[in-house]
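The following note sets out points for a colleague who is reading the model alongside its sequence. The points run from the chain as a whole to individual contacts.

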Amino acid sequence: MAEMGSKGVTAGKIASNVQKKLTRAQEKVLQKLGKADETKDEQFEQCVQNFSKQLTEGTWLQKDLWTYLASVKAMHEASKKLNECLQEVYEPDWPGRDEANKIVENNDLLWMDYHQKLVDQALLTMDTYLGQFPDIKSRIAKRGRKLVDYDSARHHYESLQTAKKKDEAKIAKAEEELIKAQKVFEEMNVDLQEELPSLWNSRVGFYVNTFQSIAGLEENFHKEMSKLNQNLNDVLVSLEKQHGSNTFTVKAQPSENAPAKGNKSPSPPDGSPAATLEIRVNHEPEPAGGATPGAALPKSPSQPAEASEVAGGAQPAAGAQEPGETAASEAASSSLPAVVVETFPATVNGTVEGGSGAGRLDLPPGFMFKVQAQHDYTATDTDELQLKAGDVVLVIPFQNPEEQDEGWLMGVKESDWNQHKELEKCRGVFPENFTERVP
């Protein structure tokens, strides 16, 4: 029986709540249509607007504070990794190793302390501040519903009083409901009228305390961090003084075989030899008895080779005894390896050009020497030659020497020249390290 009574009470409450919702909906419709007046309180409405603005700003501040804390944590991790790197590279025999390690440990502790204090003095305070808004927001909404109930009860009471046929019992009951609705509404209204202005005014003190805490924590953090950085600088200065003589500057060394045409740097396939080296070191001991003939460098492809001296004596390179070469100077020391410079004289139909340097009429103007492609090369520009391994190219000078990039040559494939005899259509540039000079 008790259980049935409990279910009956629950069902009665549900029915009552449904009836209240219907009554409120009807009252709102009548108010919007202008058939029923609505109780207005402009002062309270202003307080509600301030409350909404304050909630929006507080939520915004909380979000940015979380972002700030995340950035501090990320910076802590980056600083930690950098300091761990310092510990790894700081060699045991270097002065100040223990001091450097201690500074690194203190640096990590300082970051952790800064982050934790920001959480305690800013974030938790922010959470407490925003924690009061949901309850007040709920009470404001409830006050709105009770205001509608009050207006509905008032209108119902007034309609019964103005009816032609009055029912005193219904009027008395309506008056009782009106008094009850008014009491409930006024109790909630009075409390909110006091709390909302107070909450609005509290924002100033909260913002001041929050940002003062953050500014103070940040100031102390940077002061302590500055001391650690100065100590680390002193340790590194001491290291520099004792090991400064071992410092050196790393300079970029140009690669002789790497072409540089704009931003392109083609290289031969992996495992394949690059273009023939023109300078090599001969480690064979120099035979006693003075200088040995070495290779000579021609001044230009169109002029006869002249005598030039090569530092150190050496055995002549295989196949280096060609016309145009002269004897090298006497070696400075028999114990040093000799440097042999190989030259590739220009040839015409297998004949080495002589002292006159005159070119054949059946070769391109300004022809210097021939090269043979050792690897396939795919042209990436309209001004480049497409090469297949084995192609022979007749090398010619650039019309404007300033346009020549390091590691690139100008030429025309021998097969194209023999067929067309037109430089404008056939010539192009190609990477030198994909080819090898041929006699």
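1. Terms and basis. A residue is called buried if its relative accessible area is under 20%, exposed if over 50%, and partly exposed in between, with a 1.4 Å probe and protein chains only. Helices (H or I, at least four residues) and strands (E, at least two) are DSSP runs numbered from the N terminus. The model is predicted: local features need pLDDT of at least 70 and side-chain atom pairs count only at pLDDT 80 or more, whereas totals for chains, interfaces and linings use all residues. Residues are numbered from 1 along each chain as its sequence is written, and side-chain values use heavy atoms, with hydrogens and water left out.

2. Overall composition. The protein chain comprises seven helices and nine strands. Of its 439 residues, 31% are buried. Contact here means heavy atoms within 4.5 Å. Among contacts with a separation of 6 or more, 71% are between residues 24 or more positions apart.

3. The largest nonpolar core. Such a core is a set of buried Ala, Val, Leu, Ile, Met, Phe, Trp, Tyr and Cys residues joined through side-chain atoms within 4.5 Å. The largest one has 37 residues, and Phe51, Leu118, Met126, Ile136 and Leu196 have the most contacts inside it. Two or more residues each come from helix 2 (42-89), helix 3 (97-131), helix 4 (133-161) and helix 5 (168-243). Helix 3 contributes the most, with 13 residues. Leaving aside residues up to four places away in sequence, Ile136 touches Phe51, Leu192, Glu195, Leu196 and Leu199. Apart from this core lies another, of 24 residues, which includes Met368, Leu409, Trp417 and Leu423.

4. Aromatic pairs. Rings of Phe, Tyr and Trp (its six-membered ring) pair if their centres lie within 6.5 Å; planes under 30 degrees apart count as stacked, over 60 as edge-to-face and the rest as tilted. The structure holds 10 such pairs. One of them, Tyr129 with Phe206, is stacked, at 3.8 Å centre to centre and 5° between the planes. This pair links distant parts of the chain, since Tyr129 lies in helix 3 and Phe206 in helix 5, 77 residues apart. Both residues are buried. They also belong to one aromatic cluster made up of Phe51, Tyr129, Phe133, Phe206 and Tyr207.

5. Charges over rings. The criterion is NZ of Lys or CZ of Arg within 6 Å of the ring centre and within 35 degrees of the ring normal. The charged end of Arg203 sits over the ring of Trp200, 3.6 Å from its centre. Arg437 lies over the face of Phe369, 3.9 Å from the ring centre.

6. Is Asp149 buried or exposed? Asp149 is located in helix 4. With a relative accessible area of 16%, Asp149 is buried. Its contacts, not counting residues up to four places away in sequence, are with Arg24 and Ala181.

7. Two strands pair if DSSP finds at least two bridges between them. The open sheet has five strands in the order 8-7-6-5-9, with antiparallel pairing. Strand 8 (428-431) and strand 9 (435-438) are the edge strands, each pairing on one side only. Neighbouring strands are turned by 50° against each other on average, direction ignored; the axes are lines fitted to C-alpha atoms, for helices over the stretch in contact, with angles from 0 to 180 degrees between N-to-C directions.

8. Accordingly, strand 7 (residues 408-413) is mostly covered, with six of its six residues buried. Strand 7 is joined to strand 6 by four bridges in antiparallel fashion, with Val393 opposite Lys413. Four bridges also join strand 7 to strand 8, again antiparallel, and Met410 stands opposite Val429 there.

9. Strand 5 and its partners. Strand 5 (residues 369-373) pairs with strand 6 (residues 392-396) in the antiparallel sense over four bridges. Across that pairing, Lys370 stands opposite Leu394 and Val371 opposite Val393. Strand 5 also pairs with strand 9, antiparallel and over four bridges, where the bridge partner of Lys370 is Val438. Four of the five residues of strand 5 are buried.
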